[in-house]
Amino acid sequence: MKKVLVLEDESSIRSFIVINLRRAGYDVIEAESGEEALEKLQENPDTRVALLDIMLPGIDGFEVCRRIRATNLRIGIIMLTARSQEMDKVTGLMTGADDYVTKPFSPAELTARVDALMRRSGVADETADRINQPPFVLNTRNRTLEKDGQRIKLTQMEYAIMKMFMENPGKALSREEILDLVWGRDYFGELKIVDVNIRRLRLKIEDNATNPAYITTVWGYGYKWEA
Ligand code: CA
C-alpha cells in the first residue's frame, strides 16, 4: 500500500497535488488543516509519506511536523515551501522533515521526491545484520542505532545517512556523492539538504555537536566518518 497524506489549505494546489499523485499510483488522503492531518494520520497509521504545507489557518506545518515526529519516526515528511521562504526549508528540516519542495513545482518533481522517500520507508535491508563501530552499533534489520548501548532515535533519512557513513569508514565523501548514495541518482534536490540533515544528525550522535568527533567536515568538499 502506497499511502500519502497531503496537507494543503489552498484547494487548487491541493487538487493539483492529489491528482498527480493518484495518477502516479498513490493512495492519497487529503487534509485542509494541521489538526485534520493529525487526525487522519491516526486513522491511517499505514501512511508512508506526508506532504505538509507550512502556512495554514490553525497550527502551522512545522508544528504538525513536530507532532508527527514525536510518535512516528518511520513516515517520510516533505515540506511544501514558497520560493520566498528560504529559512523555512532549514527550519522544516530541523523540526524533523526529510525533504522540501519549493512551490511552484512540476508533477515530475513532486512524484520523484515522493518516490524517493517511499523507497526509503518501506524496504527491508538485506545486507549484514549489524555494523559495529564502537561506541556505535547500527542494526540494519530493525534499522536502529545505539551509542554506548543507548538507542538513538533516527528518522529514515538519518538512518540512511548513518548507514552510508558506517559502510564507508574513514572515506571523505563529497556532498554530491552523499546526495547520490542517500537520496538516489534521480533526485532533484539541492546540496544544502545534505548539510542540514548532517547538522541534525550531529545533534543526535555527537558528544558535542559544535565540535564533532564522528562526522567531520572536509572543507570545500563534504564529510567523513571517523570510525
Ligand atoms: Ca497555505
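**Helix 7**

I began with helix 7, residues 175–183, in this predicted model. I looked up which residues of helix 7 are buried, and I noted I178, L179, V182 and W183. I then checked how these four are placed around the axis. They cover an arc of only 100°, so they sit on the same side of helix 7. I also looked just past the end of the helix, where G184 takes a positive phi of about 100°.

**The nonpolar core**

I went on to the largest nonpolar core, which has 70 residues. I listed the residues with the most contacts inside this core: L21, L51, L52, F165, I178, W183 and I205. Two of these names, I178 and W183, were already in my entry on the buried residues of helix 7. Which helix gives the most to the core? I found that helix 6 does, with eight residues.

Four strands form an open sheet in the order 6-7-8-9, and the pairing is antiparallel. Which strands stand at the edges? I noted strand 6 (130–133) and strand 9 (150–152). Each has a single partner strand, so one side of each is left without a neighbour in the sheet. The twist averages 20° from one strand to the next.

For one pair I looked in detail. Strand 7, residues 136–139, is joined to strand 8, residues 144–147, by four bridges. Across this pair, F136 stands opposite K147.

**R120**

I found R120 in helix 5, residues 107–122. Is R120 buried or exposed? Its relative accessible area is 17%, and buried means under 20%, so R120 counts as buried.

I listed its contacts, leaving aside neighbours within four places in sequence: R143, Q156, M157, A160, L181, V182 and W183. V182 and W183 are among the buried residues of helix 7. I also checked R120 against Y159. They are 39 residues apart in sequence, and their C-alpha atoms are 9.7 Å apart in space.

**The calcium ion**

I looked up the protein donors of the calcium ion. They are D9 (OD), D53 (OD) and M55 (O), lying 2.2 to 2.3 Å from the ion. Along the chain the donors follow the spacing D-x43-D-x1-M.

Where do D9 and D53 lie? I placed D9 in the loop between strand 1 (3–7) and helix 1 (11–23), and D53 in strand 3, residues 49–53. The pair is 44 residues apart and links distant parts of the chain.

D9 counts as partly exposed, at 28% relative accessibility, whereas D53 is buried, with a relative accessible area of 4%.

**S174**

My last entry is on S174, which has its place in strand 10, residues 172–174. S174 counts as buried, at 8% relative accessibility. Apart from neighbours within four places in sequence, S174 is in contact with Y221 and G222.

How values were computed
Residues are numbered from 1 along each chain as its sequence is written. This is a predicted model: local features need pLDDT of at least 70, side-chain atom pairs count only at pLDDT 80 or more; totals for chains, interfaces and linings use all residues. Side-chain values use heavy atoms; hydrogens and water are left out. Two strands pair if DSSP finds at least two bridges between them. Helices (H or I, at least four residues) and strands (E, at least two) are DSSP runs, numbered from the N terminus. Axes are lines fitted to C-alpha atoms, for helices over the stretch in contact, and angles run from 0 to 180 degrees between N-to-C directions. Buried means under 20% relative accessible area, exposed over 50%, partly exposed in between (1.4 Å probe, protein chains only). Contact means heavy atoms within 4.5 Å. A nonpolar core is a set of buried Ala, Val, Leu, Ile, Met, Phe, Trp, Tyr and Cys residues joined through side-chain atoms within 4.5 Å. Donors are N, O and S atoms within 2.8 Å of the metal (3.2 Å for Na, K and Ca); water is not among the atoms, so sites may look incomplete. The arc is that of the directions from the helix axis to the C-beta atoms.
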